[in-house]
Amino acid sequence: MTVGIAALIVLTALLFFVAPDGFYPWAKAIHILAVISWMAGMLYLPRLLVYHADAEKGSVQSETFKVMERRLLRGIINPAMIATWMFGLWLAWKGFGFQGGWLHAKIGFVLLLSAVHGYLAGAVRKFAEDRNEKSAKHWRMINEIPTLLMIAIVILVVVKPF
């Protein structure tokens with residue numbers, strides 16, 4: 001996965017410098033791929049935390065969840081969020097000049113999604129240290145937040161209601 005991400009970064013940089021006029025649709029495609037990856041992780045990680053909360057501390061199952069959570073966060077969710085922000089901000093500037101109420105609302109919702117990301121990253125640290133104090137029910141409720149934010153963001157981008 002690391003090699004694939006590195007290759008994508010190098011090819012994207014080359015495209016940006018070699019053919020800047022044709023870069024916009026590629027940036028949009030990469031942004032969409034990054035969003036899909038970020039959302040996949042943001043929907044899966046809280047579900048792992050639900051199961052982890054029910055696992056006995058120190059058990060083989062708990063230790064397996066720790067590895068899965070860490071790898072998901074560091075290998076997929078964090079890089080995908082960074083790519084989403086980098087390409088999204090570039091697209092907002094290049095394509096819309098940061099204008100439009102729908103765009104401002106979208107950025108606000110993406111900021112909220114980033115805050116949820118930070119909350120989940122903190123939870124992964126607590127679980128890794130066997131310091132989780134939240135119930136499986138709490139993590140089930142947290143699991144719904146990224147979905148609601150995703151719905152709002154997609155509607156704003158597609159419908160552009162204001």
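Let me begin with a term: helices (H or I, at least four residues) and strands (E, at least two) are DSSP runs, numbered from the N terminus. The structure before us is a predicted model, in which local features need pLDDT of at least 70 and side-chain atom pairs count only at pLDDT 80 or more, while totals for chains, interfaces and linings use all residues. Residues are numbered from 1 along each chain as its sequence is written, and side-chain values use heavy atoms, with hydrogens and water left out.

I turn to the overall picture. The protein has six helices and zero strands, so that, by the definition of these runs, the order from the N terminus reads α-α-α-α-α-α. Taken along the principal axes, the C-alpha atoms fill a box of roughly 55 × 40 × 15 Å.

Next, the packing of the helices. Axes here are lines fitted to C-alpha atoms, for helices over the stretch in contact, and angles run from 0 to 180 degrees between N-to-C directions. Angles under 35 degrees count as roughly parallel, over 145 as roughly antiparallel, 65 to 115 as roughly perpendicular and the rest as oblique. Contact means heavy atoms within 4.5 Å. For residue classes, Ala, Val, Leu, Ile, Met, Phe, Trp, Tyr, Cys and Pro count as nonpolar, Asp, Glu, Lys and Arg as charged, and the others, Gly among them, as polar.

At what angle do H3 and H4 pack? The angle is about 165°, with the axes 11 Å apart, and H3 and H4 are therefore roughly antiparallel to each other. The contact includes Leu73, Ile77 and Trp85 of H3 and Leu103, Val110 and Phe127 of H4. By class, this contact has 15 nonpolar, three polar and three charged residues.

H4 also packs with H6, at an angle of about 160° and with axes 9 Å apart. That makes H4 roughly antiparallel to H6. Among the residues in this contact are Trp102, Lys106 and Phe109 of H4, together with Pro146, Ile153 and Val157 of H6. The classes here are 14 nonpolar, no polar and one charged.

H6 meets H2 as well, at about 150° with axes 8 Å apart; H2 and H6 are therefore roughly antiparallel to each other. Met39, Met42 and Leu43 in H2 meet Pro146, Thr147 and Met150 in H6. Five of these residues are nonpolar, one is polar and none is charged.

Finally, the pockets. On a 1 Å grid over the protein atoms alone, a pocket is an open set of points where a 1.4 Å probe fits, with protein on both sides within 12 Å along at least five of seven lines; lining residues have an atom within 4 Å of a point. Grid points are joined across faces, edges and corners, and a volume is the space filled by probe spheres set on the points.

The largest pocket holds about 640 Å³ of space. Its lining has 26 residues, and His31, Val35, Lys106, Ile153 and Val157 lie nearest the centre. Which helix gives the most to this lining? H2 does, with eight residues. The lining comprises 20 nonpolar, three polar and three charged residues.

The second largest pocket has a volume of about 530 Å³. Of its 21 lining residues, Leu8, Ile9, Ile30, Ala83 and Phe87 lie nearest the centre. H3 gives the most to this lining, with nine residues. By class, the lining has 18 nonpolar, three polar and no charged residues.
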